[in-house]
Amino acid sequence: MSPVELTLVLFAVGVVGGWLGALLGLGGGFIVVPALTLVLGMNIRLAIGASIVAVIATSSGAAVAYVRDHMANMRIGMFLEIATSTGAVTGAFLGSILVPRVLYVIFAVALGQSAIAVARRKSLEHRPPQPPDPLADKLGLHGAYPDAARGRVVTYRVARTKIGLLLMYVAGTVSGLLGVGSGTLKVPAMDLAMGLPIKVSTATSNFMIGVTAAASAGVYFERGDVNPLISAPVALGVLVGALGGARLLSGIQPRRLRALFAIVVFAVALDMLVKGVT
Amino acid sequence: MPGPSGSTDRTVERTNQRLTPVVSGVLRIGVLISSSVITAGVVLTFVASASYTSARRAVPQLRHGVLHPVGFHAPRTFAAVLSGVGHGDGPALVMLGLLLLIATPVLRVAVSVIGFAADHDTRFVLITLTVLVVLVGSFAVGT
């Protein structure tokens, strides 16, 4: 494969990662890292460096539309960023103490369970009413978003903000420790604990992951893991893919989105389990 | 269903009306500028380095993490990136674009602090300021 061909292949990998990442709130690392290491035979450090850039590109590219169209709830995102960013710093410190193998197994099991729970969750209309949450009232977190699949604006109320904040701290710590999975835990935390519509959860996760990734990007840059000629085509592809994916979210059936999320996250969980066991 | 207090309602309304287009705009500008610089850097790399462009195989070298034209090293510091850009170095220009991309979410948080302050939303000024401090602090610790 010549450098020109490689650049085009990396661009295509980016498009797929950005497209799926924007829809699912995951950032696209789950596509970029395996494609670069397993298919193209690259060094894992270069793949992770490219993946960090891809996550930021997905987040910023998709959030342009998600914020403008009120798909992402900015207030929820910014409030929860307190927990994810401090969690990421905690994870970076814990990384030198804890054994990653054990963590991979624990994380894989937690991830697999939450993937199943997200897939089996009922749509908003068929759920019991949310318990009142004075903190969410105080911070003004409740919102509304346009759902093209339902053909109307859907209003929603936020519950269990404190539990959500705690889970986000765990999500941030895990992503700081393992360098992955920031979106895979953020979406279930918002969907299962705080009771947000699945589209608002993935869009808000997308909005947030750029900040989490930016916090660790400096370290990768300093180490020389961000290779310009590998990261550039991936990042450009991701931006194109994310813009496309973001357009689709409002029109997609929530049930399908849940199923797609569960399949992808389950695959990520299996991959982590293999890493932890072998 | 108990509704939120009237003052909170108005604050949220202000955020939605005023801050939303600003944050979306900051992200859009960040994405446009960084992707333009990255694209220019990639084109410059191929145009300027005949040996890289005409190389037949890139993949075997990748196993050792090497993909560069001969004599090229990825700049790791901000000063090295700027000096490379000054010399018309394609990969350095790409790095500048990637750094601008990384800076975009940070800028988004900074702009939000100002936006919430303009709306007199004290709680969210403190929230976004905390995030900004942790973010900038993590850069400082990492470097």
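In helix 8 of chain A, the buried residues are S182(A), G183(A), T184(A), L185(A), K186(A), V187(A), P188(A), A189(A), M190(A) and D191(A). The structure described here is a predicted model. Chain A contains eleven helices and two strands, and 62% of its 278 residues are buried. Chain A also touches chain B, with 57 residues of chain A in contact with 57 residues of chain B.

**Overall build of chain A**

- The order of elements along the sequence of chain A is α-α-α-α-α-α-β-β-α-α-α-α-α.
- Take the contacts in chain A between residues at least 6 apart in sequence: 83% of them join residues at least 24 apart.

**Helix 8**

- Helix 8 of chain A covers residues 182-193.
- Ten of the twelve residues of helix 8 of chain A are buried, so this helix is mostly covered.
- Twelve residues at 1.5 Å a residue should span 16 Å, and the end C-alpha atoms of helix 8 of chain A are 16 Å apart, which agrees.
- After helix 8 of chain A comes G195(A), which has a positive phi, near 70°.

**Helix 3**

- Helix 3 of chain A has 25 residues, and the distance from its first C-alpha to its last is 36 Å, close to the 36 Å expected at 1.5 Å a residue.
- A kink of about 35°, centred on A62(A), is found in helix 3 of chain A.
- Because 22 of its 25 residues are buried, helix 3 of chain A is largely enclosed by the rest of the structure.
- Helix 3 of chain A is followed by H70(A), with a positive phi near 65°.

**Helix 9**

- Helix 9 of chain A has 26 residues and reaches 37 Å from its first C-alpha to its last, close to the 38 Å expected at 1.5 Å a residue.
- This helix also has a kink of about 35°, here centred on S216(A).
- Of the 26 residues of helix 9 of chain A, 23 are buried, so the rest of the structure largely encloses this helix.
- G224(A) follows helix 9 of chain A and has a positive phi, near 80°.
- V219(A) lies in helix 9 of chain A.
- V219(A) counts as partly exposed because it has 17 C-beta neighbours inside 10 Å, while a buried residue needs 20 or more.
- From C-alpha to C-alpha, V219(A) and N206(A) are 22 Å apart in space, and they are 13 residues apart in sequence.

**The nonpolar core**

- Nonpolar side chains tend to be buried together in soluble globular proteins.
- The largest nonpolar core here has 129 residues.
- The residues with the most contacts inside this core are V32(A), V53(A), I56(A), Y66(A), V234(A) and A235(A).
- Helix 3 of chain A, residues 44-68, gives the largest share of this core, 16 residues.
- Apart from neighbours within four places in sequence, V234(A) is in contact with L10(A), V13(A), G14(A), V32(A), A50(A), V53(A) and A54(A).

- V13(A) is part of helix 1 of chain A.
- V13(A) is buried because 25 other C-beta atoms lie within 10 Å, and the cut-off is 20 or more.
- Neighbours within four places in sequence left aside, V13(A) is in contact with I31(A), V32(A), A35(A), V234(A) and G237(A).
- V13(A) and I106(A) are 93 residues apart along the chain, and 29 Å separates their C-alpha atoms.

**Contact with chain B**

- The contact joins 57 residues of chain A and 57 residues of chain B.
- On the side of chain A that touches chain B, two or more residues each come from helix 1 (3-24), helix 3, helix 4 (74-94), helix 6 (134-139), helix 9 (198-223) and helix 10 (228-248) of chain A.
- Helix 3 of chain A gives the largest share of that side, eleven residues.
- The residues on that side of chain A comprise 35 nonpolar, 16 polar and six charged.

Key: Residues are numbered from 1 along each chain as its sequence is written. Chains are lettered from A and ligands numbered from 1 in the order in which they are written. Helices (H or I, at least four residues) and strands (E, at least two) are DSSP runs, numbered from the N terminus. The expected span of a helix is 1.5 Å times one less than its number of residues. Two residues are in contact if their C-beta atoms, placed from the backbone, lie within 7 Å. A nonpolar core is a set of buried Ala, Val, Leu, Ile, Met, Phe, Trp, Tyr and Cys residues joined through C-beta atoms within 7 Å. Ala, Val, Leu, Ile, Met, Phe, Trp, Tyr, Cys and Pro count as nonpolar, Asp, Glu, Lys and Arg as charged, and the others, Gly among them, as polar. The bend at a residue is the angle between axes fitted to the seven residues ending there and the seven starting there.
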